[in-house]
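Subject: Structure handover

Hello,

Here is the structure I promised you. Please open it beside this email; my notes follow below.

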Amino acid sequence: MFFQEENSVGPQANHISQRGADPISEIQFKTCVIINIDGCRKDLLYRLIDESRMPVLGKLPGGSLRFANAETVFPTATFAAQASGLTGVYPCRHGIMSNMWMDRRGEETPVYDYTGSFFDAAKVYRYNLIGFPTLVFADTVETGLADSHLSDGVKTIYQAAAENNLTSVTAFHQFEKGASRRVRPRPSDMIRYFFGNYFPGQFEVFDESMTTRLITDMQEHGTPDIIFIYFAPADGTDHWQGEKGQEKYLEEVINFKLERIIEFIKEKREPDSTLYVVYGDHGHSDVSEDKEHCISVKWMSSVIGSVPGFERISHHSARGKDALIAPEGGMAAIYLKKPGCPNWGVLPDEEICRKTAENFIREGNGRLGAVAYRTGESLEYRLLAGNNPMNINTDAIISKINREYRHINAPDVMLFSNYSEGWHFYKQPLMATHGNINPGDLEIPVIFYGKGIKSKIDTIPVQIVDIAPTIASAMGFSMDNTDGKVLNIKE
Ligand SMILES: [Zn+2]
């Protein structure tokens with residue numbers, strides 16, 4: 001960062017001044033504040049802003065560009081989508097297949113579950129958990145578990161920024177690769193987050209800790225060029241309390257935490273050259289809040305069991321098994337071992353995947369909205385929607401899946417629960433979830449604020465992978481080889 005001054009009087013500066021008549025090239029943001037709200041419902045956030053119930057956003061300087069048609073990647077699961085937001089590439093390139101996935105060709109075929117097991121969740125935040133039930137957190141991990149799974153050759157926005165001598169800080173996020181400073185939750189925060197699922201008041205304490213620790217970090221070490229603020233509990237409030245719960249959380253908690261952080265940054269970095277970006281990683285859809293609409297692993301195993309060659313199912317362990325089910329909200333991933341093959345590295349034939357998918361459609365009995373299956377080594381998927389109870393645009397969805405998700409570690413069969421009748425794959429009743437292929441899960445809020453940003457509600461289709469390259473471009477560097485494009489955000 002000490003080289004910036006030199007550059008500004010070097011040949012590049014002369015070059016820019018020669019083009020000085022063009023107002024667009026003059027606006028180059030020196031600071032970017034990225035505000036990521038996990039699981040934020042698009043229409044809800046936009047309505048709260050319009051009703052002046054998120055005043056912190058209304059007070060941001062400059063124009064405000066809101067995208068009305070922004071969508072996340074497939075699958076609509078936090079880890080896959082968060083990685084795409086930071087790298088600008090689809091899951092088939094960054095390799096984070098979902099919150100749960102199996103490394104099909106890895107030694108011992110490991111299965112990762114970033115959120116379901118406390119051990120893996122601790123590793124995401126660079127802790128090792130030793131000695132259950134005493135919960136001793138050992139500080140021995142240098143790279144977070146999810147970070148370590150990002151494909152080589154894919155860069156985070158922090159890495160691209162660092163190559164251009166820009167500094168960054170990230171707060172409480174699952175992906176920190178390349179960030180100059182990484183503020184992570186304390187063990188007590190992590191335990192609190194887990195308790196938040198049962199005692200919602202704990203979520204606010206968690207975000208209070210994130211806010212305080214991020215500000216303390218910036219007080220002690222300076223305010224960097226890129227600041228990534230992550231409100232994780234917005235997702236949990238919606239799962240457990242539905243849209244009303246998220247609405248209350250945005251208005252009564254996030255607004256005020258964010259205000260404290262932004263007030264701090266405004267004093268340290270020039271407001272006129274600060275870009276603010278607000279986005280979510282996936283949406284949420286309401287489901288029936290009763291035990292009857294939880295689609296059980298037992299039922300799924302019974303359907304897979306009817307395919308010759310497959311008998312046992314196990315959750316979370318692939319070794320010695322013939323099939324594996326990973327249920328996540330609106331989607332259940334099914335991995336099938338090729339019959340007669342000793343290991344998981346060989347993909348099952350199209351026929352076995354198709355038959356499994358057809359069996360699920362036939363025996364679904366209202367539970368399923370659609371089923372996708374893989375057609376073999378081409379890694380391409382087909383979609384069966386039966387009588388299409390969710391009214392899915394099947395052509396658009398299958399193109400999206402094939403564009404973003406063709407990867408050896410993607411599942412062989414994917415079940416999508418029928419939201420129209422309230423079905424989901426979570427093990428216990430909840431009010432809302434995601435992971436499915438319907439508009440509610442796919443749509444995300446995306447807003448840019450800053451001096452020189454156009455004030456508009458833009459209806460062009462935007463994707464989560466566009467965010468990182470757009471920020472990079474607005475700050476004067478580029479992210480090579482992304483799937484996303486640079487959006488036109490300037491006046
Ligand atoms: Zn969630």
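How many helices and strands does the protein have? There are 18 helices and 22 strands. Please keep in mind that this is a predicted model.

Overall form

The C-alpha atoms fill a box of roughly 70 × 50 × 45 Å along the principal axes. For 491 residues, a compact globule would have a radius of gyration near 23 Å, and the protein agrees with that because its own value is 23 Å. Buried residues account for 50% of the 491. Take the contacts between residues at least 6 apart in sequence: 70% of them join residues at least 24 apart.

Two domains

Domain 1 covers 6-283 + 443-474, and domain 2 covers 291-431. Their C-alpha centres are 30 Å apart.

Strand 10

Strand 10 spans residues 226-231, and six of its six residues are buried, so the rest of the structure largely encloses it. In a regular strand, side chains alternate between the two faces of the sheet. Here I226, F228 and Y230 point one way, while I227, I229 and F231 point the other way. All of these are buried.

Which strands pair with strand 10? Strand 1 (residues 31-37) runs parallel to strand 10 and is joined to it by six bridges. In that pairing, I35 stands opposite I229. Strand 8 (residues 168-171) also runs parallel to strand 10, with four bridges between them. There, T170 stands opposite F228.

Helix 18

Is helix 18 (residues 467-474) largely enclosed or largely open? Seven of its eight residues are buried, so helix 18 is largely enclosed by the rest of the structure. The buried ones are I467, A468, P469, T470, I471, A472 and A474. They pack against strand 1, helix 6 (78-87), helix 10 (157-163), strand 11 (274-280) and strand 20 (446-450). G476 follows helix 18 and has a positive phi, near 90 degrees.

Best wishes

Definitions and conventions
Residues are numbered from 1 along each chain as its sequence is written. This is a predicted model: local features need pLDDT of at least 70, side-chain atom pairs count only at pLDDT 80 or more; totals for chains, interfaces and linings use all residues. A residue is buried if 20 or more other C-beta atoms lie within 10 Å of its own, exposed if 12 or fewer, and partly exposed in between; C-beta atoms are placed from the backbone. Helices (H or I, at least four residues) and strands (E, at least two) are DSSP runs, numbered from the N terminus. Two strands pair if DSSP finds at least two bridges between them. The radius of gyration is taken over C-alpha atoms; the globule rule is 2.2 Å times the number of residues to the power 0.38. Two residues are in contact if their C-beta atoms, placed from the backbone, lie within 7 Å. Domain bounds come from an automatic or database domain assignment.
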